[in-house]
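Student: I would like to learn how to read pockets and aromatic contacts in a model. Could we take them one at a time?

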Amino acid sequence: MSMPSDSMPPDRRSRKRLATRQGISNVATRLFLERGFDHVTVDEIAAVADVGRMTVFNHFPRKEDMFFDRDEEGREMLREALRQRHPSVSPIETLRLLAHQLVAEESPYLRFTARSQSFIETIEASDTLKARARAIRDEIAHVVAVALSECVGRKPDDPDAHLAAGLLLATWTVGFIQAHRTLRQRQDTEEAKAVFLAAVDKGTTGLNAALAGTPYA
C-alpha cells in the first residue's frame, strides 16, 4: 500500500516532482521538434505525458518554458563559475575559460549537433520562441552583470559590470548563431565549435580592452 502524497517523505516527493517535470519537458520538446512549437497544444502534451493539463501548468507556467526548461540551470552555472573564480584569473577570463570548458564537455548549452540544429530551427520558425529567446538573453545579461559585480565587491548596478555583461552576451550570441550557420552549411561539428570559440576569444579581447582599468579585466 503506497503512502498518500502528502505523507510521502520530502526527498521522495521532490524526486517524484522532478521526474514528472522532466517527463513533461521531454514529451514537449519531442513534439515541438517534430511538428513545430506553434502546432503543438498543451492538451496534446498533457495527453502524451499522461498528466492533467493543470499539472503541466503547475510545472511550466508558459508553454515556451517547456522548450527552454534548462534556462535557470544555465544561469546558476554562470553564477557558480564567477563565485568559484580563482583570484588570479579575471572575471572576463573566467567566463572565456568556461565557454571553452562547456564546448569541450559537449554541454547541452553549447552543443553543435543535428539535434541542436533542430532546436535552433524550431526557435526560428516561431515568433513566440524567438521573443522568449531574446528575453532570456536580456535576463541572463542582468544575471551576469550582478554576478560580475558581486565577485569583485561592487554594487549590483555597477555600470562597468553591465557593460561587460552586455558585451559578453552579444559575443556569445553572435558566436552561437555563426556556429550553427556553419553547422548547417558544412555539417561539421568540429568546425562549428571552432567558429564559436573563435568568436568568444575575439570578443574577450574586445572586452578586456573596453574594461581595462576595472577589476573585471
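Student: How many residues of the lining of the largest pocket are nonpolar, polar and charged?

Tutor: The lining divides into 20 nonpolar, 9 polar and 13 charged residues. Here Ala, Val, Leu, Ile, Met, Phe, Trp, Tyr, Cys and Pro count as nonpolar, Asp, Glu, Lys and Arg as charged, and the others, Gly among them, as polar. This is a predicted model, in which local features need pLDDT of at least 70 and side-chain atom pairs count only at pLDDT 80 or more, while totals for chains, interfaces and linings use all residues. Residues are numbered from 1 along each chain as its sequence is written, and side-chain values use heavy atoms, with hydrogens and water left out.

Student: Which residues lie nearest the centre of the largest pocket?

Tutor: Rolling a probe the size of a water molecule over the atoms shows where empty space is left. A pocket is an open set of points, on a 1 Å grid over the protein atoms alone, where a 1.4 Å probe fits, with protein on both sides within 12 Å along at least five of seven lines; lining residues have an atom within 4 Å of a point. In this model 42 residues line the largest pocket, and Phe68, Tyr109, Phe119, Ile120 and Phe176 lie nearest its centre. Helix α8 gives the largest share of the lining, 9 residues.

Student: How is an aromatic pair read, and how many are found in the whole structure?

Tutor: A pair of aromatic rings is described by the distance of the centres and the angle of the planes. Rings of Phe, Tyr and Trp (its six-membered ring) pair if their centres lie within 6.5 Å; planes under 30 degrees apart count as stacked, over 60 as edge-to-face and the rest as tilted. The search finds 8 pairs. One of them, Phe32 with Phe67, is tilted, at 6.0 Å centre to centre and 55° between the planes. Phe32 lies in helix α1 and Phe67 in the loop between α3 and α4, 35 residues apart.

Student: Is Phe32 buried or exposed?

Tutor: Buried means under 20% relative accessible area, exposed over 50%, partly exposed in between (1.4 Å probe, protein chains only). Phe32 is buried, because its relative accessibility is 0%; Phe67, at 2%, is also buried.

Student: Which residues form an aromatic cluster with Phe32?

Tutor: Phe32, Phe37, Phe67, Phe68 and Phe119 form one cluster.

How values were computed
Helices (H or I, at least four residues) and strands (E, at least two) are DSSP runs, numbered from the N terminus.
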